[in-house]
Structures are given as C-alpha cells and as structure tokens.
Amino acid sequence: MSSVTASPDERADAPAPPERPTTGAATRAGRRQRKRRRRQAATGATGVDRADRLLLGLIGLIAIGLGTVALLEADDRIGLRQPRSLYADARESAIEHQEIWTGAAIAAGILLVLLGLWWAWAQVRLRPERGRLGETVVARQRRGQTSIEPAPVARALAADVAALDGVTSASARLVALGELPEVLVSAQLEIDADVPRVRSAIEVPLARMAAALGVDAVDAELRFRVGRTESARVV
Amino acid sequence: MKAVDRLLALVAGLALAGVGGLVALETGFLSADQPAVVVPRSRWDRGMGDLEWSSTSLRVAAIILVASGALLLVLQLVRRSPRRLALDGGPGRTAWITPASVRRVVERAVIDDNDEVRSARARVGRRRVRIQAEVVAGSDDATPRRVATSVEEAVGALEMHRSPRVRVRLQRNDGRRVR
C-alpha cells in the first residue's frame with residue numbers, strides 16, 4: 001500500500017462506508033460486541049472496573065447500614081436484643097448443632113477465600129491488549145491456506161492516514177480479520193485541522209486497505225487527538 | 001479514580017480471603033479440639049458475652065463503619081470524566097475525540113475569534129462545555145454572546161455525536177465579572 005494524500009476537495013469523492021449486512025445472529029452478536037467496545041472506549045472502563053465499582057459501592061452501603069443500626073441501637077431507638085444475648089443464642093445453637101455449624105462455617109470460609117482471591121487476582125492479572133492479532137489464517141482450502149500478518153497491513157494504513165492533510169501522525173492496529181476486518185486507527189491532528197474532513201478522507205486509505213485484503217469493507221474505530229505534538233499511538 | 005478502585009478492590013479481595021481462611025481454619029481447629037492459631041478464643045468469648053449496644057467500643061466501631069462506608073459509596077457514585085467523546089460515525093465507523101482536544105479547539109477559537117478576549121480556559125464534559133475567559137475592560141454587553149457563539153461554532157464544526165451545552169463566564173481584566 002502506498003501513501004495517499006486526500007485534499008479537502010477529495011472529501012466529497014471519498015468512498016462512503018459500505019453498507020453492512022443487517023440480518024443473522026452473527027451480525028447481532030457483532031453489533032452487541034461493537035456496542036460494548038464503544039462503551040468501553042468512551043469510559044476507558046473494563047468489565048472488571050465496573051464490577052469493582054458495583055462491589056465497592058455495595059460494601060459501602062452495607063457498612064453504612066450496619067453502622068447506622070448500631071448507632072441507633074446505642075440510643076435504644078430500634079429495640080433489638082443486646083449483642084451479648086444474640087451471641088449467647090448463636091453460641092448455644094452452634095454447640096447444639098455442632099456438625100451443621102462447623103460444616104457451614106468451613107464452607108462459607110472456603111467460599112470467601114475463593115471469592116476474595118478471585119477478586120484480588122482480577123485486579124493484578126495482565127490483560128491482553130485488546131485484539132492483538134498475530135498471523136491469521138483468512139482462507140483455508142484442501143490444497144493450502146492463506147494467512148495474513150496484520151502488522152505490516154496496519155503500518156501501511158497508518159502511513160496512508162499520516163499523509164492526509166491535517167494529520168501529523170497516525171498509528172493503526174488490526175483487531176479482527178476475516179470477512180469483515182476491523183481496524184483501530186489513532187490520529188494526531190493539527191490544531192486547525194478540519195476533523196470531519198479528515199474523518200471522511202480516511203475512507204480513502206480504508207478502502208485501499210479493504211482492497212488489499214480482498215474484502216468489500218473494513219470496520220474502523222477512529223480516535224482523534226487535536227493540537228498536541230506527541231506522536232499518535234493506539235491506546 | 002480507576003487506580004484507587006483497583007487498589008481498594010485488591011485490598012478488599014485479600015481481606016475477604018484472609019477472613020474466610022481464618023474462619024475455615026479456626027472452625028476446623030475448634031471442631032478437632034485443637035488450640036486456636038490466631039483468634040484468642042476465650043478473650044473474644046468473654047468480650048462478646050459482655051457486649052452491649054451502648055459500649056464505647058461498639059459505638060466507635062459503628063462511627064468508623066458509617067464514615068468509611070460513606071466515603072466508599074461517594075467515591076463510587078462520583079461521575080468520572082469521560083476518556084473520549086463520540087463524534088458522528090456511520091455504518092461500520094465509530095469515531096472519538098479526546099476531551100482535551102475539544103478543550104484546545106474551543107480555547108483557540110475563543111481567543112482567535114474575539115479580539116477582546118485575553119485568555120480562555122475551557123472545561124469539557126460529556127454534556128457541557130464551560131468556558132472561563134478574561135476580557136479587556138472595554139468589552140461590551142454583547143461579548144458573552146459572541147464568545148458563546150465562537151464556542152458553539154467550534155464545537156459544532158467537530159460534528160460531535162451529542163452537542164454539549166455551552167456555559168460562558170467572563171471576567172474583565174479589572175476584576176469585574178461580565179454579565
């Protein structure tokens with residue numbers, strides 16, 4: 001793929017994104033996945049982050065509830081039995097039904113250990129970078145197969161995008177291959193760049209990439225930064 | 001904020017695992033008539049047997065519980081600033097711009113389009129762009145409207161998926177606020 005520069009006038013000539021198929025379970029699943037990715041791109045929050053927020057909020061609520069009950073009861077406002085009396089009953093019951101209580105306590109303890117370790121592990125484990133593709137087989141027949149190394153394709157696309165008017169630097173990463181490849185493009189624009197025009201102009205290199213891959217179209221996520229001098233990178 | 005949550009979740013997860021392990025271990029030892037490993041059983045037993053709602057220790061623990069719970073809840077409820085803002089896309093296209101980019105575009109537009117503006121500072125959120133600018137003493141009543149128009153035009157030119165509302169606050173360089 002060679003570089004291409006799209007002038008403002010070429011905006012009208014830039015190919016419109018092709019129509020996407022609208023039926024089938026695979027398409028619906030793809031739509032759901034894209035929606036999820038969009039939400040994630042907007043907030044930068046992963047599923048773990050959302051789960052953390054929910055669980056920590058829940059812990060906060062429980063703490064407030066327990067503390068409030070204890071404080072109200074300290075002034076005798078609810079009418080609960082005294083803790084010593086509750087404890088005495090629980091103790092008596094535990095002695096009476098020792099097997100059940102022992103089993104339940106050990107099971108609950110083990111469950112807590114597993115849940116706690118799973119939660120802690122989710123915070124520290126390294127997550128694979130989204131959709132980092134290696135060499136991918138795109139067609140397989142009896143006599144052989146066709147595979148694509150995504151990095152050079154992405155580099156060529158990035159070079160094409162970086163050559164557009166208003167773009168100071170660009171990077172690209174293929175995140176899906178196959179019938180409908182998907183690419184993530186990050187572009188650093190000049191402060192006075194016409195963002196919609198650059199967005200339209202990117203259709204030219206995208207169409208070129210689609211032709212190089214032998215597909216009708218590619219899906220693209222475009223990320224723009226305006227007015228900074230650092231080089232763009234896909235984040 | 002995400003990093004704080006991660007750290008809190010890590011600590012909470014490890015604490016949960018620790019408490020669970022202690023419960024399972026101590027219960028196992030207790031049922032096997034073995035001495036306790038960590039928990040001072042007889043002291044805790046005596047303490048629990050004397051505990052009343054009005055005990056100072058319980059009251060202090062309750063206050064700490066409410067305060068830390070409220071802090072935790074507020075931390076989770078605070079709306080986080082967006083990492084990216086959506087631009088109008090199309091079939092098979094999603095486009096994003098960073099809030100900092102919008103801020104730079106807006107600040108530049110306000111200063112370039114209005115001679116009376118000496119400096120401008122923008123804050124960009126999901127739904128709102130706030131601009132705070134300093135104008136020269138000779139600015140007139142129409143200045144706020146002109147600045148707002150500059151911001152609206154600059155934001156409109158980006159073709160964002162959701163057009164943010166614009167709020168302008170101007171201050172003259174002699175310290176007086178422009179209304």
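Trainee: How many residues does the contact take from chain A and from chain B?

Mentor: This is a predicted model, in which local features need pLDDT of at least 70 and side-chain atom pairs count only at pLDDT 80 or more, while totals for chains, interfaces and linings use all residues. Residues are numbered from 1 along each chain as its sequence is written, and chains are lettered from A and ligands numbered from 1 in the order in which they are written. Two residues are in contact if their C-beta atoms, placed from the backbone, lie within 7 Å. On that criterion the contact takes 61 residues from chain A and 58 residues from chain B.

Trainee: Which helix of chain A gives the most to the side that touches chain B?

Mentor: Helices (H or I, at least four residues) and strands (E, at least two) are DSSP runs, numbered from the N terminus. The elements that each supply at least two residues to this side of chain A include helix 1 (25-43), helix 2 (47-74) and strand 5 (219-226). With 17 residues, the element that gives the most is helix 2 of chain A.

Trainee: How do the residues of the side of chain A that touches chain B divide into nonpolar, polar and charged?

Mentor: Ala, Val, Leu, Ile, Met, Phe, Trp, Tyr, Cys and Pro count as nonpolar, Asp, Glu, Lys and Arg as charged, and the others, Gly among them, as polar. By these classes, the side of chain A that touches chain B has 36 nonpolar, 12 polar and 13 charged residues.

Trainee: At what angle do helix 2 of chain A and helix 1 of chain B pack?

Mentor: Helix 2 of chain A contributes Asp49(A), Asp52(A), Arg53(A), Leu56(A) and Ile59(A) to this contact, and the residues from helix 1 of chain B include Lys2(B), Asp5(B) and Leu8(B). By class, the contact has five nonpolar, no polar and six charged residues. Axes are lines fitted to C-alpha atoms, for helices over the stretch in contact, and angles run from 0 to 180 degrees between N-to-C directions. The two axes are 10 Å apart, and the packing angle is about 60°.

Trainee: What is the order of the strands in the open sheet of five strands?

Mentor: Two strands pair if DSSP finds at least two bridges between them. Strand 5 of chain A and strand 2 (residues 93-97) of chain B pair in the parallel sense over five bridges, whereas strand 1 and strand 2 of chain B pair in the antiparallel sense over four bridges. The pairing in this open sheet is mixed, and the order is 3(A)-4(A)-5(A)-2(B)-1(B).

Trainee: Why is one side of strand 3 of chain A and of strand 1 of chain B left without a neighbour in the sheet?

Mentor: Strand 3 (167-176) of chain A and strand 1 (85-90) of chain B stand at the edges of the sheet. One side of each is left without a neighbour because each has a single partner strand.

Trainee: Which residue of strand 2 of chain B is the bridge partner of Leu222(A)?

Mentor: Strand 5 of chain A and strand 2 of chain B pair over five bridges. The bridge partner of Leu222(A) is Ala95(B).

Trainee: Is Asp33(B) buried or exposed?

Mentor: Asp33(B) lies in the loop between helix 1 and helix 2 (41-50) of chain B. Its phi is near 60°, a positive value in a residue other than glycine. Because Asp33(B) has 6 C-beta neighbours inside 10 Å, this residue counts as exposed.

Trainee: What is the phi of Glu159(B)?

Mentor: Glu159(B) is in the loop between helix 5 (143-157) and strand 5 of chain B. With 17 C-beta neighbours inside 10 Å, Glu159(B) counts as partly exposed. Most residues other than glycine have a negative phi. Glu159(B) is not a glycine, yet its phi is positive, at about 55°.

How values were computed:
A residue is buried if 20 or more other C-beta atoms lie within 10 Å of its own, exposed if 12 or fewer, and partly exposed in between; C-beta atoms are placed from the backbone.
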